[in-house]
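Dear colleague,

Please read them alongside the coordinates.

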Amino acid sequence: MTFKFSSVLIAGTLLSLAGLVGLKVDAQVAAVHAPSAPAPPPTAAVHPGPRYSLDNLVNPFTMDRTEKTDTGYVYWFFDKQFTGNGKTLKLSVVHPHEASHAPHHHVEDEFWFVLEGKAEFFIDGKTRIVGPNTGMYAPSNVEHGIKNAGDTDLKYLVIKQYPEVATSK
C-alpha cells in the first residue's frame, strides 16, 4: 500500500489528532525562526512500561491482518484494548459509492483523516465532499457519517476513544 504524500505530514497530523483525543505525546522540534534561541530544558525520560515493547508499539499495515467488511475492509493499527483506555487508530477502506454504515450518533467523539479518494462527510444534517489530507470531527452525540463520493477506493484513518474501556481502567 503506497501513499502519495509526505510521511512528515502524516506524522504531524496523527500527533495533532492524538493530542485532540488526549494521548500524551512529547516531541522536540528544532526552532526554525530562532536558530540562536536557547535549547529547551531536558525532560525526564518516559518509558512505555512493561506491557509495551518495540514489537507492539510499531504496527505496519499488512493486508493479511485486515478485516473484511460489506463495503471494503478495516485495519486496526491499535484497537480499544491496546492502551487499556479505549483509544484507537483504524484504517478504513470503502469501495466507490458505498458507506460503511448509515449516519448515526454515539457518545464518543470521532476524528477522520482522508488519505486517498473523495469522502462525503455528513454532520448534523449537512454534507461536504472532501479530498485527501483533510481532517473531520464529529462531537459526542451528533449525527454523522462518511461515505465514498468517488470512483476509486476511499481510504481514511479513524481516531476514537471508547468510553466503556476508558472508564473500566
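A search of the whole structure finds 2 salt bridges, a salt bridge being a side-chain nitrogen of Lys or Arg within 4 Å of a carboxyl oxygen of Asp or Glu. Please bear in mind that this is a predicted model, in which local features need pLDDT of at least 70 and side-chain atom pairs count only at pLDDT 80 or more, while totals for chains, interfaces and linings use all residues. Residues are numbered from 1 along each chain as its sequence is written, and side-chain values use heavy atoms, with hydrogens and water left out.

Because Glu-108 sits in the loop between strand 3 and strand 4 and Lys-160 in strand 9, the pair ties together parts that are 52 residues apart in sequence; strands here are DSSP runs (E, at least two residues), numbered from the N terminus. Glu-108 and Lys-160 are both buried, where buried means under 20% relative accessible area, exposed over 50% and partly exposed in between (1.4 Å probe, protein chains only).

In the other pair, the side chains of Lys-155 and Glu-116 meet at 3.6 Å, N to O. This pair also links distant parts of the chain, with Lys-155 in strand 9 and Glu-116 in strand 4, 39 residues apart. Lys-155 counts as buried at 14% relative accessibility, whereas Glu-116, at 21%, counts as partly exposed.

Grid points are joined across faces, edges and corners, and a volume is the space filled by probe spheres set on the points.

The count comes to 1 cavity of 30 Å³ or more. The largest cavity has a volume of about 30 Å³, and its lining consists of Trp-76, Thr-88, Lys-90, Glu-110, Val-158, Lys-160 and Tyr-162. Strand 3 and strand 9 each supply at least two residues of that lining.

The second largest pocket, with a volume of about 300 Å³, is lined by 22 residues, of which Lys-90, Ser-92, Ser-100, His-101 and Tyr-156 lie nearest its centre. Strand 3 provides the largest share of this lining, 4 residues.

With best wishes

Definitions and conventions. On a 1 Å grid over the protein atoms alone, a cavity is a set of points where a 1.4 Å probe fits but cannot get out, and a pocket is an open set with protein on both sides within 12 Å along at least five of seven lines; lining residues have an atom within 4 Å of a point.
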